[in-house]
Amino acid sequence: MRKIVFTGIVALGGFLTANAQCKTVSTLVENFDTWKDINKCWTAQSGKAMLYNNEKRIVFYSMTNPGENMYLITPKIKAGTYTLSLDISDNGGETTLELFSINNTADTKSYVSIAKSSKITGDKKVFTISLKKDSNLGLKVLLNGVHQAVYVDNFSLKPKK
């Protein structure tokens with residue numbers, strides 16, 4: 001019995017150590033080419049839909065659950081003003097992107113909108129964002145139809161000069 005408890009503690013300790021390795025960043029450039037799954041320093045919240053990595057990009061997929069709140073959340077970012085650019089497209093229909101500053105990824109009440117919802121048109125999107133304190137950045141995608149998908153690639157967050 002002691003061996004099982006010790007093994008559980010070691011496994012849990014290893015899990016906590018892995019999450020502790022995610023550092024607060026001031027630059028984040030990701031093309032998702034090497035991801036086999038969502039990176040451990042990022043968080044995917046898909047509700048009853050799907051959010052996953054496929055074909056070297058991130059896919060938000062509604063399945064049969066349109067209107068689901070879906071977020072891709074970055075590692076923690078240092079307070080400051082940044083330029084965010086990303087390639088974002090969809091497979092048709094009405095889709096939108098909204099950006100959030102997130103203090104606690106487990107508490108949706110800590111999600112504060114920092115860029116109004118904008119229609120996804122297939123173009124590169126560029127935003128200037130300000131984070132008042134160290135926080136995560138959340139990309140909320142809203143899909144309004146069944147079997148809709150949004151694709152995100154070439155994510156770049158750099159300090160504004």
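Tyrosine 61 stands opposite alanine 149 in β11. The strand names follow DSSP: helices (H or I, at least four residues) and strands (E, at least two) are DSSP runs, numbered from the N terminus. This is a predicted model, in which local features need pLDDT of at least 70 and side-chain atom pairs count only at pLDDT 80 or more, while totals for chains, interfaces and linings use all residues. Residues are numbered from 1 along each chain as its sequence is written, and side-chain values use heavy atoms, with hydrogens and water left out.

**Strands β3, β4 and β11**

- Strand β4 is joined to β11 by 4 bridges, and the two run antiparallel; two strands pair if DSSP finds at least two bridges between them.
- Strand β4 (residues 57-61) also pairs with strand β3 (residues 50-54), in the antiparallel sense and over 5 bridges.
- Leucine 51 has phenylalanine 60 of β4 as its bridge partner.
- The hairpin of β3 and β4 has 2 residues between the strands, and in this hairpin glutamate 55 takes a positive phi near 55°.

- Serine 113 in β8 is the bridge partner of phenylalanine 100.
- In a regular strand the side chains alternate between the two faces of the sheet.

**Nonpolar cores**

- A nonpolar core is a set of buried Ala, Val, Leu, Ile, Met, Phe, Trp, Tyr and Cys residues joined through side-chain atoms within 4.5 Å; buried means under 20% relative accessible area, exposed over 50%, and partly exposed in between (1.4 Å probe, protein chains only).
- The largest nonpolar core has 31 residues, of which Ile58, Phe60, Leu97, Leu99, Leu137, Phe155 and Leu157 touch the most other members.
- Two or more residues of this core come from each of β4, β5, β6, β7, β9 (124-131), β10 and β11.
- Another core, of 5 residues, lies apart from it, and its members include Tyr71, Ile73, Phe100 and Tyr111.
- Leaving aside neighbours within four places in sequence, phenylalanine 155 is in contact (heavy atoms within 4.5 Å) with residues including Leu28, Phe32, Trp42, Leu84 and Leu139.

**Proline 75**

- Proline 75 is placed in the loop between β5 (70-73) and β6 (80-90).
- With a relative accessible area of 7%, proline 75 is buried.
- Apart from neighbours within four places in sequence, proline 75 contacts Lys23, Leu28, Cys41, Trp42, Ser135 and Asn136.
- Cysteine 22 is 53 residues from proline 75 in sequence, and the two are 6.9 Å apart in space, C-alpha to C-alpha.

- Histidine 147, in the loop between β10 (136-143) and β11 (149-159), has a positive phi near 55° although it is a residue other than glycine.
- Histidine 147 counts as partly exposed, at 45% relative accessibility.
- Asparagine 154, in strand β11, has a positive phi near 50° and is likewise a residue other than glycine.
- Asparagine 154 is partly exposed, with a relative accessible area of 33%.
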